[in-house]
Amino acid sequence: MLLLGLIPGDERAIYAQIADRVRFAVASGALRPGDLVPSVRELAKQLLVNPNTVARAYRDLQAEGLLDAVRGTGLSVTAEAPERCQAARRAYVRDRLRAAIDEARRSGLDPSEIEVILREQWQASGVADNHEGAES
C-alpha cells in the first residue's frame, strides 16, 4: 500500500497537496505506469480527510492525464505520467527555492550568504553533495 502524508503547515488546499504527493510518488518511482493508486476511501481514511477531497485530487490528476480509470478496478498511473511528474516536481522545487531566495534577498542577504545557508541546509539534510569531490 502506498503511504502518502500531508505536510503540516502547508497552507495550500488539501486536495492540491494530495495531488502533489501522488505526482511526487510517480516521479520518484514509488508508483509506476499501470500501478493502481489507493482507492478514494482508502486514501481518505489514511489521511483522515473527506473522501470528496481525495476524489477532487484524483479528478485533477485524471484531467492532467496522469491517472486513467480501469473499468471495475480503480485508477492507474498512465505511461506518460512519470515524465510529466518529474517535470512537475522540478518546477515545484524550483518555485519553492525561488521564493526562499527572493525572501532572503528582501531581507538584505547577499548572494554569497544565501549560498552558504543553502549549502548548510543541504548538508544538514543528510544529502551528499556530489559536486564537492569533483571540485577539489
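Ile101 has its place in helix H4, where helices are DSSP runs of H or I with at least four residues and strands are runs of E with at least two, numbered from the N terminus. At 35% relative accessibility, Ile101 counts as partly exposed, because buried means under 20% relative accessible area, exposed over 50%, and partly exposed in between, with a 1.4 Å probe and protein chains only. This is a predicted model, in which local features need pLDDT of at least 70 and side-chain atom pairs count only at pLDDT 80 or more, while totals for chains, interfaces and linings use all residues. Residues are numbered from 1 along each chain as its sequence is written, and side-chain values use heavy atoms, with hydrogens and water left out.

Together with Val93, Leu97 and Leu118, Ile101 forms a nonpolar patch on the surface, and the four share about 310 Å² of accessible area. Such patches are made of residues with over 30% relative accessible area and no salt bridge, nonpolar side chains (Val, Leu, Ile, Met, Phe, Trp, Tyr) being joined within 5 Å and like charges within 9 Å; accessible areas come from the Shrake-Rupley method with a 1.4 Å probe, and for residues only the protein chains shown count as cover. Helix H4 gives the largest share of the nonpolar patch, three residues.

Two other helices can be described by their span, for which the expected value is 1.5 Å times one less than the number of residues. Helix H1, residues 14–28, has 15 residues and reaches 21 Å from its first C-alpha to its last, close to the 21 Å expected, and just after H1, Gly29 takes a positive phi of about 90 degrees. Helix H5, residues 111–124, has 14 residues and reaches 20 Å, close to the 20 Å expected, and just after H5, Gly126 takes a positive phi of about 85 degrees.

The buried residues of H1 include Ile18, Val22, Phe24 and Val26, and what covers the buried residues of H1 includes helices H2, H3 and H4 and strand E2. Tyr58 is in contact (heavy atoms within 4.5 Å) with residues including Val22, Val37, Leu43 and Leu75, not counting residues up to four places away in sequence.

Across the whole structure, a search finds seven salt bridges, each a side-chain nitrogen of Lys or Arg within 4 Å of a carboxyl oxygen of Asp or Glu. Among them are these:

| Salt bridge | N to O distance |
|---|---|
| Arg12 and Asp10 | 2.7 Å |
| Asp95 and Arg98 | 3.3 Å |
| Glu115 and Arg119 | 3.7 Å |

Arg12 is partly exposed at 30% relative accessibility, whereas Asp10 is buried at 19%. Asp95 and Arg98 are separated by about one helical turn, because they are three residues apart in helix H4. Glu115 and Arg119 are likewise separated by about one helical turn, being four residues apart in helix H5. Salt bridges that share partners join Asp10, Arg12, Asp20, Arg23 and Glu64 into one network.
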